[in-house]
Amino acid sequence: MPKLPLRYYCYVCGHTNDLKLNVPLAPKIERDEIKCANCGDVTHLLLTACPKCEGAFRYYLSDLDFPQEIVSLAEAYVKLLTGVRDSLKDHIKEFNVPVPKKWSVNLKCECGEEYTAEIPLPQLSG
Ligand SMILES: [Zn+2]
Ligand SMILES: [Zn+2]
């Protein structure tokens, strides 16, 4: 896992924070939080690095924990489907609804490499 420098300007107070972060290679995405050393404001961050040149891609999410939102939505969807399936089980033999396995994003690195980073999502259980 490459350790990459990150210079982050706090959007609340403007303080410059110099950090070094562990960045996983795509398709793995790491969720991280950075805290301003001056005002303590927390920013959520998605981190992944180009698998070819290991240069970092960063995604700032300010105060919203975006991956957590996606996973909770997917969980709600899976719960809903499970409910529908259970209510229909006396009437139908098979219940197959495709559920997305992951949330993915296509990225293009400065080195020219195109790659995908992804977050696994909750799945229907048997
Ligand atoms: Zn700050
Ligand atoms: Zn690259």
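V23 is in contact (C-beta atoms, placed from the backbone, within 7 Å) with M1, P2, L4, E30, L47, T48, A49 and A56, leaving aside residues up to four places away in sequence. The model is predicted: local features need pLDDT of at least 70, side-chain atom pairs count only at pLDDT 80 or more, and totals for chains, interfaces and linings use all residues. Residues are numbered from 1 along each chain as its sequence is written, and chains are lettered from A and ligands numbered from 1 in the order in which they are written.

**Core**
- V23 also belongs to the largest nonpolar core, whose nine residues are V23, A26, I29, L45, L47, A49, C50, F57 and A117.
- Strand β4 (residues 42-49) contributes the most to this core, with three residues.
- Such a core is a set of buried Ala, Val, Leu, Ile, Met, Phe, Trp, Tyr and Cys residues joined through C-beta atoms within 7 Å.
- A residue is buried if 20 or more other C-beta atoms lie within 10 Å of its own, exposed if 12 or fewer, and partly exposed in between.

- Strands β1 (residues 3-9) and β2 (residues 16-22) pair in the antiparallel sense over seven bridges.
- Strands are DSSP E runs of at least two residues, numbered from the N terminus, and two of them pair if DSSP finds at least two bridges between them.
- R7 has D18 in β2 as its bridge partner.
- Six residues separate the strands, and G14 takes a positive phi near 85°.
- Of the seven residues of β2, the count of buried ones is zero.

**Hairpin β6-β7**
- β6 (residues 102-108) and β7 (residues 114-120) are antiparallel, with seven bridges.
- W103 is bridged to I119 in β7.
- Five residues lie between the strands, and G112 in the turn has a positive phi of about 100°.

Note on methods:
Helices (H or I, at least four residues) and strands (E, at least two) are DSSP runs, numbered from the N terminus. Two residues are in contact if their C-beta atoms, placed from the backbone, lie within 7 Å.
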